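Please read the following note alongside the sequence and the model.

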Amino acid sequence: MATKPDRKALSPGEFIELMEQTRFEFNEGKSPFRGDATGGRTFEQIAEGKRKFHTGGDPNHRFEGERYLNVTDKHIRRKQLRKLVDEGGQTTVGGPMPSHPALARWHSNEFGVTNEEIDQLEMEDALPEVLVKEGWWFDVNRSSPWPVAIASCMVGEGSKRLPGSVEHYTKLIADARVEFEKLGVKNVDRAVQLLIEHAPFGADMEHAQFGEEVVRAAVTTPELQDEAMRAFILTMQRNSRGKV
Amino acid sequence: MGSQLPYGPEALAAPAKSSADFIAFLKAERQRKYPDGPAFLAAVAAGEASMDDIRLWVKDLYDYWDKGLVYATGAVYTKTNDEPIRTHMLRRMVDVEGEEIVNDLTDWDTPAYEELWLRFGEGIGLTREDVTGFQQFTRTYFSMRTLMTYSRYWDWTWLDGVATWYAADLQWREYYAAARDALRDTYGVAETALEFFRVLLEDVDSHIGWEEEGLAYWACTTERQLTAARAFRERLDIEDQLLVAVQEVRTGDRLPFQTPA
């Protein structure tokens, strides 16, 4: 019986280059950054988008928690916990920044969606498409080897490492400020704080570097690289609006 | 839920207890099941355990502080969708993994429980290798793994998980405090070696309040109260089972199995 020749893993640099090449091809030349197509929406359209966002609850702790639970390397696990503190609220330990779910509420509040309404929305059924997209996302973070789960952050947070990201997010936030003021938002600082947190000068830059560190240190076998690439592509598909 | 039959219509037809009555019921359950706490800790508190017994305890419980509690705490956090409670849980994860993790935000430098436990061991004459190289007693290992898997999966809901934290905190507040006092006053262990106990007990004091409030608010139906109370009792059992093997060695009843290398 013929046997497959032993495959060798790509070097960390080669694998990251392959991920970026895959991202480039997937995006067909379009921007890899979030929020590229925002703007030009009315106050009520933004509020409606926020209502959709809150329906069925916030998933952040679930997938980040799954990653934390699965890590067997104590050093990496504690770095993941530090990330949980950034996203679950630096205020937990007396730091300055509230949790991402709280910042999402700030944004919604400024568009007239009250906390009481958000509470109700978070108790409702998730939209069917969201259910299966998030269900897969929890599964990949729960069921994959931990290097693959953490490497899946290279799609979102990892994009903040790319050239042009600082300029993109700086403009995105500046434009949002102008737009929100025009729309009559009372506290623009609160409305844009989550955007800032997701920018490469907020916590996300450290998280992006952490993702790359894990890829370099732990996604080091052909099997893990295959699985990480599959998760990477599926995550990009999940994030593509209206294409799955 | 473990392997029990589900509660049926008759059990669920009973009205839920008031918040205050439910918390009082949990405390009464603790007194009913373990009025004297784990026998090994009672022996330490009474000065009846030898230093070798105490060294064995340190070796056998290391994996609990290093792996079991870390995982179980994170597991309950991950399935908790109420943000105010989750925030408290995150704070607790930082306690367990070491406040030094957030040093950049806070200047805190307290290390992880497992590190403090190792320092306790060093303070009573053990090396780190003595502790980390020990093959845990099988009963202790089973107890730890039960805590981990029940916390992780469907056996306990997130609210059941809060009840289990409350159970452990009530036990630790009473029996670890008594053990710490005896270690210092009876066994002459230096205060510097007992930092684990100071940190644990301060942390417990900072968490019991929100645990009670959370249980009082969210355990608002008969079914939630029934399952939370069961989980509370199961955690009391686990905390007791964690210390059965060292007690058996101490009393010479038998030499327990250890996990294979």
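Which residues do ring pairs link into a cluster?

1. Ring pairs join B:Phe40, B:Trp57, B:Tyr64, B:Trp65, B:Tyr113, B:Trp117, B:Phe120, B:Trp172, B:Tyr176, B:Phe196 and B:Phe197 into a cluster. Rings of Phe, Tyr and Trp (its six-membered ring) pair if their centres lie within 6.5 Å; planes under 30 degrees apart are stacked, over 60 edge-to-face, and the rest tilted.

2. This is a predicted model, in which local features need pLDDT of at least 70, side-chain atom pairs count only at pLDDT 80 or more, and totals for chains, interfaces and linings use all residues. Residues are numbered from 1 along each chain as its sequence is written, chains are lettered from A and ligands numbered from 1 in the order in which they are written, and side-chain values use heavy atoms, without hydrogens and water.

3. Over all chains there are 32 aromatic pairs. One of them, B:Trp65 with B:Phe196, is edge-to-face, with 4.9 Å centre to centre and 65 degrees between the planes. B:Trp65 belongs to helix H4 (residues 51-78) of chain B and B:Phe196 to helix H11 (residues 195-218) of chain B, so the pair ties together parts 131 residues apart in sequence. Helices are DSSP runs (H or I, at least four residues), numbered from the N terminus.

4. B:Trp65 is buried at 0% relative accessibility, and B:Phe196 is buried at 0%. Buried means under 20% relative accessible area, exposed over 50%, and partly exposed in between (1.4 Å probe, protein chains only).

5. The structure holds 0 disulfides over all chains; a disulfide is a pair of cysteine sulfur atoms within 2.5 Å. A:Cys153 is buried at 4%, whereas B:Cys220 is partly exposed at 47%.

Methods:
Helix = DSSP H or I, 4+ residues; strand = E, 2+ residues; numbered from the N terminus.
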